[in-house]
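Please open the structure in your viewer and keep the selection tool at hand. The tour below goes from stop to stop, saying what to select and what is there.

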Amino acid sequence: MVTGAVQGVFFRDSCQRIAASHGVRGWVRNLPDGSVEAVFEGEPDGVGRLTEWTRTGPPAARVAEVRVTDEEPSGHSGFEVRGSPSTWQP
């Protein structure tokens, strides 16, 4: 989860590009509260680099906080930019 001024600054598209360059699979999406949610899978080095990138994001982003939670891999085959969820519960 990434909070701050992270929507409308090409965060998702940049994240997808960075993920591809590091061989990371998963997805990224905007949430209605203005934050960005992402799932990263792959080699620890690539996931670590992408996670570190989220702490600053693209040049126009102003990241306030990054919360990382480890989960079991789901077996994603690529990296996609998803739309906002239709319903969201905090």
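Begin by selecting Phe10, which lies in the loop between β1 (2-5) and α1; helices (H or I, at least four residues) and strands (E, at least two) are DSSP runs, numbered from the N terminus. This is a predicted model, in which local features need pLDDT of at least 70 and side-chain atom pairs count only at pLDDT 80 or more, while totals for chains, interfaces and linings use all residues. Residues are numbered from 1 along each chain as its sequence is written, and side-chain values use heavy atoms, with hydrogens and water left out.

Phe10 has a positive phi of about 65 degrees, although it is not a glycine. Most residues other than glycine have a negative phi. With a relative accessibility of 63%, Phe10 counts as exposed, on a scale where buried means under 20% relative accessible area, exposed over 50%, and partly exposed in between (1.4 Å probe, protein chains only).

Next, select Phe11, which is buried, with a relative accessible area of 3%. Which residues does Phe11 touch, not counting residues up to four places away in sequence? They are Val2, Val6, Val36, Trp53, Thr54, Gly57, Pro58, Ala61 and Val63, where contact means heavy atoms within 4.5 Å.

Rings of Phe, Tyr and Trp (its six-membered ring) pair if their centres lie within 6.5 Å, and planes under 30 degrees apart count as stacked, over 60 as edge-to-face and the rest as tilted. By this rule the count comes to two aromatic pairs. The ring centres of Phe11 and Trp53 are 5.0 Å apart and their planes stand at 45 degrees, so this pair is tilted. The pair links distant parts of the chain, with Phe11 in helix α1 (residues 11-21) and Trp53 in helix α2 (residues 44-54), 42 residues apart. Trp53 is buried, with a relative accessible area of 15%.

For the other pair, select Phe40 and Phe79, whose ring centres are 6.1 Å apart with planes at 35 degrees, so this pair is tilted. Here too distant parts of the chain are linked, since Phe40 is in strand β3 (residues 36-41) and Phe79 in strand β5 (residues 79-82), 39 residues apart. Both Phe40 and Phe79 are buried.

Finally, select Thr56, found in the loop between α2 and β4 (62-66). Thr56 is exposed, with a relative accessible area of 52%. Leaving aside neighbours within four places in sequence, Thr56 is in contact with Ala61 and Val63.
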